[in-house]
Every structure is written in structure tokens, then in C-alpha cells.
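Hello,

I am passing a structure on to you. Please have it open while you read the notes below it.

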Amino acid sequence: MASAFELTRNMTIGQYIPTDSAVHRFDPRFKLVAFGVLVLAIAFCNTYVGNLFALAFCLALFPLIRIPVGYGVSGIKPAVPFIIIIALLQFFFSGSIAPGGTLHFEYGVIRITGDSIRLVIVSAMRFVEVIFLSSVLTFSTSTTDLTRGMECLLSPLEKVKFPVHAFALVLTIAIRFVPTFAMEMEKLMKAQASRGAEFGSGEWWRIIRRTKDMFPLIIPLFNLALTRAEDLILAMESRGYVPGEERSVYTRYRSKGADWGLLGISLALAAVILWLP
Amino acid sequence: MSASPLIEVKDLYFSYRTHGETFPVLRGITLRVNRGEHVAVIGHNGSGKSTLAKHLNGLLLPDEGAVWVQGLDTREKKHLREIRRRVGMVFQHPDNQLVATIVEEDVAFGLENLSVPPEEMADRVTDALRAVGMEDFRKRPPHHLSGGQKQRVAIGGILAMRPDCLVLDEATSMLDSFGRKEILQVVRRLHGEGIAVVSVTHHMSEAAEADRVIVLEKGRIALEGTPREVFREREQLSRLRLDVPEAGRIASRVHAGHPGFPDDLYRREELVEAVERFTCGKVEVNHG
């Protein structure tokens, strides 16, 4: 069992795994657009068949990027409580009835209808599908490529004075420091635990207590983050960074035929998902 | 000594101000760094050595006096970028100076700031990574590297900008002895290739490798000269709570017992050589 202190190893989603599959080599701009198209299609699909198809397709993507399906599926674990809570809320309180729908149970505000059962199942499936898709995207695309791709896609916004480049830099730095802060947090937790503090030992429903347990970590973490930020500013300035000044860009992307193919395939899949009965 | 120094510092005064109080840090410092020279700055905590380093590329600006980098005044804003290209700085904490999520992107960061055309960047990044021996780590994220490797990437990021001078602001103080060795090797090689090095350090053995040592005390220069000249002043150094390099301490202890043994040694190699000479080669010395 993974230790409660090992924050950096428990997350699968958001980790880049360089298996160098064909998917890894696609242009990140196209991957992002394809991802967007598929997520939209899933969001608008409310049929069982459509979602089953999408689910099967998402699972099939893991072998395609040469990552064990089991590993990909384990990415849902942290999301399970959310899925359950949403499902419960929808199950009891959504209560919408389409004309001609069936009402199974009613008591006060609680109404269980044929439609709400369907909604529960479909939205749980959607949730899982979107997690799988995001996992596939992040497994196969480095964060650098993701931010650079995003920067390219957003670059038209520069015309309306949106600071696209600064935005991308902020994103890059944030991502850069996630593992650093996770390690810092581990260190703090171990330091506090060795002096008798307990983390995550309370019963799970005592949310307030468990949140309070985290305060002795959050404050030093903030303090460290601010020190780091100051150092980083100096280092950036000393390498000639001036906010808002003209800069050139290191990574540039050139689209290949295959990238357009990817876009075509994702549009076709979106169409299938939406038009299935 | 060439007529035009690389960096010239003249009558530099600087104080930090917080909550209406002033803390004078640098009180009248004058020095020059010549092309290709290796200068070490040592001093006890609070002597102002880091503050001095931050003046060398305009991160801090003098209250009084001036700093010129090849004739460019650091107080003139329009020169700052060029000054920072010429004088690169490596900081203490390996984690707090890498900006990007991938090694090669980080090395390119400075080049992007200088608006170097993308076609040229790839070559310069490759050259810089090769110079610090990190070409195999090009695509790695920084958090998978050791402290010494991170510092090498940081040096690479500066080399890509083709600087004339590298300022190391206690760049080895957070590293283990292995990481320190890595960095010192890289720095030695770069110095051999003609880049001037200013190393702010509290490791006396690092200072012993410099061409010139400057000792700071309370914002003033207390001693200045070749390592031999500076480390000869043992009493003054101990008054400033500074050490003599390990080799120097060993030499003087041997000297105490065997007056024929020289006591003004400060470098490892010198010590090894002296021991060999002194024992007429009868003792085998491990050069490691």
C-alpha cells in the first residue's frame, strides 16, 4: 500500500509517460483540438449506446498509447467519491419527468423517475470517459507541449491585448513547481508527524477536523512558496526577462498530414457518438 | 592587466531599507574583474558578498558609486538586457532558478528573452548542454535531476546566452560533495575556455582555485590578493571568522613538526607535491 505521505506517486492523471507511440508524436495543437471535440461530443451525448461506444473507444486508446489499461483505469480512483456524491444527488433530487416518463417513487422533495435513473448512469459514464480522455491526453503529451500548444491556439487573442505569452509562462511555472511543492509537502508532513501530528487519521466524515489538521502544513508551504517566488523572479530577471517585452519562442510546431487525419478521426467519432440512438 | 576591465565597481554604497530603517550593507567597494579572470569573493555571513554579486548584473542598483560592465552603466535601463547577457548569474538554490518543465526549454529561456531567432536557438541550446555535460538529459523534467545536475542546467542556460562572465552566488552551497565536484569541474573548464568567473563562496578550497581572492567584511574589502597572499594572513582571517583551505591547515600542522616543510600551501595538488618532495618519493600519495 502506498504511504499516505507519498503525494507524488498517487496521481496518475496529469503524468506524462514517454512511450513514444504514434499518438505521442501528433502535433499538440491538434491533440488539444481533438480532445476538445471529443469532450464536447461526450457532454452532449445522453444515450446509453453512445456512451457505451465512447467508453469502449476511450479504453481502446490506452493500448494505442502503449499504456496498460489497468494503469489508465486506476486514474478514476480519486474521482470515485465525487462520482458517488453526484450520482446520489441526481438519483434523489433531479426528479425531472419527460412527458410520458415513469415515476418510481416520490416522498417530499425526493423523486425517483425513469429519467433520473438514466441520468445517473449516463453522467457517471461521461465522468469516467472524460477522465480517461484527459489521462490519454496527458500521458501522451508533455506539459511543455500542452502549454505551448495552448499558447499557439490562444495566440489569436493577442489581437485583443490578451497577454497570451505571459499566461502560458504562468502556466508553465505552475506546472514546473507542482512536483517541487508536493515534495515539500511530504517533507512537512513527515516533520509534523514525527512530532506527533496526525494526518488523515480521523473518520472521513469529520471533514472540518481533517481540514484543520492541514493548517500546520498549509502555512509553512505558503511561506516557502513566497520565498521561492522571490528567488525565481531574481533568476528570471537575471536571464533578461522583462514582462511584456518582445520574446521569441523556442518550440515551434509544423502540422503534418497525420495531424489533420487525427482531427478528421475525432470529428467522425464525435459524429458517431452523437448520432447513435 | 588589460586597460578596459570587464566589470568595474567604483565606490559602491548600498543599504537595504525596511520599515523606515536602513541597513547599510556595502560601504565603499571598488574593484575590477578583468577578462577571463577567476575572482573569488569570501566573507562571513552578512559581509555583503551576495549583495555585491547582485550588483554585477544590475539586479540591485548602487545607492552611491557605480558599476560598469564593459563601459555600460548598470543604472541605465536601456543597457540592462545587454548587461545581463554578458554577466550571467547562478544562484544558491538549485530548485528556484529553473523556469521550464523540460531541461532544453529552460536553457532556451534566456535566448527567448533575447529574441534569438528559433533556427539559431536549437544549436545554441545543444552547445550549452554539451558544455555542461547534460546533453543526454535534454528532454527530462527538472525534478528528476539531482541538485548538481540542476545547477549544471542553470549554468547551461546562462552559457547559451554567450556571456563574458559567470557569477556564482554560493552556487555550490546547497549541494552535496559530489554535486559540488560536478559544478567545480564545469566551472574550471569554462574558465579555461576564457570566461571570467566570479565565485561568491564560503568554501575556502573553492577560493583557493581563483586567480584573485577578495575578502569582504561589513561591506568593505578587508583583504585582496592572490590566494597565496590572502591565505598567508591567518590571524586576520581568523579574526574575520574565516578558515584557511584544508590543504593550508594540514601544511601548517606538518610545518609545526617538521620546519623544513613549507607552510604557505593552500591547494591540494601543491600539498600532494610537497609531501612527495619532502619524503623524496618514499611515500606513495593517493591523488584522488
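Here is what was found, taken chain by chain and then across the chains.

Some ground rules come first. This is a predicted model: local features need pLDDT of at least 70, side-chain atom pairs count only at pLDDT 80 or more, and totals for chains, interfaces and linings use all residues. Residues are numbered from 1 along each chain as its sequence is written, with chains lettered from A and ligands numbered from 1 in the order in which they are written.

Chain B. It has 11 helices and 10 strands (DSSP runs, H or I of at least four residues and E of at least two, numbered from the N terminus). Its radius of gyration is 20 Å, close to the 19 Å that the globule rule gives for 288 residues, so chain B is as compact as a globular protein of that length. The radius is taken over C-alpha atoms, and the rule is 2.2 Å times the number of residues to the power 0.38. The C-alpha atoms fill a box of roughly 65 × 50 × 40 Å along the principal axes. Of the 288 residues, 48% count as buried (20 or more other C-beta atoms within 10 Å of the residue's own, with C-beta atoms placed from the backbone).

The core. The largest nonpolar core has 89 residues (buried Ala, Val, Leu, Ile, Met, Phe, Trp, Tyr and Cys joined through C-beta atoms within 7 Å). B:Val41, B:Val90, B:Cys165, B:Leu166, B:Val167 and B:Val198 touch the most other members. This core draws at least three residues from each of domain 1 (35–60 + 77–231) and domain 2 (245–288) of chain B; domain bounds come from an automatic or database assignment. A second, separate core of 23 residues includes A:Phe30, A:Leu38, A:Ile131 and A:Phe139.

Chain A. It is divided into domain 1 (11–162 + 254–277) and domain 2 (164–243). Their C-alpha centres lie 29 Å apart. Nine residues of domain 1 are in contact with six of domain 2 (C-beta atoms, placed from the backbone, within 7 Å).

The A–B interface. 26 residues of chain A are in contact with 30 residues of chain B. Helices H6 (143–154), H7 (164–193) and H8 (207–238) of chain A each supply at least two residues of the chain A side. H8(A) gives the most, with eight residues.

Best wishes

Terms used
A residue is buried if 20 or more other C-beta atoms lie within 10 Å of its own, exposed if 12 or fewer, and partly exposed in between; C-beta atoms are placed from the backbone. Two residues are in contact if their C-beta atoms, placed from the backbone, lie within 7 Å.
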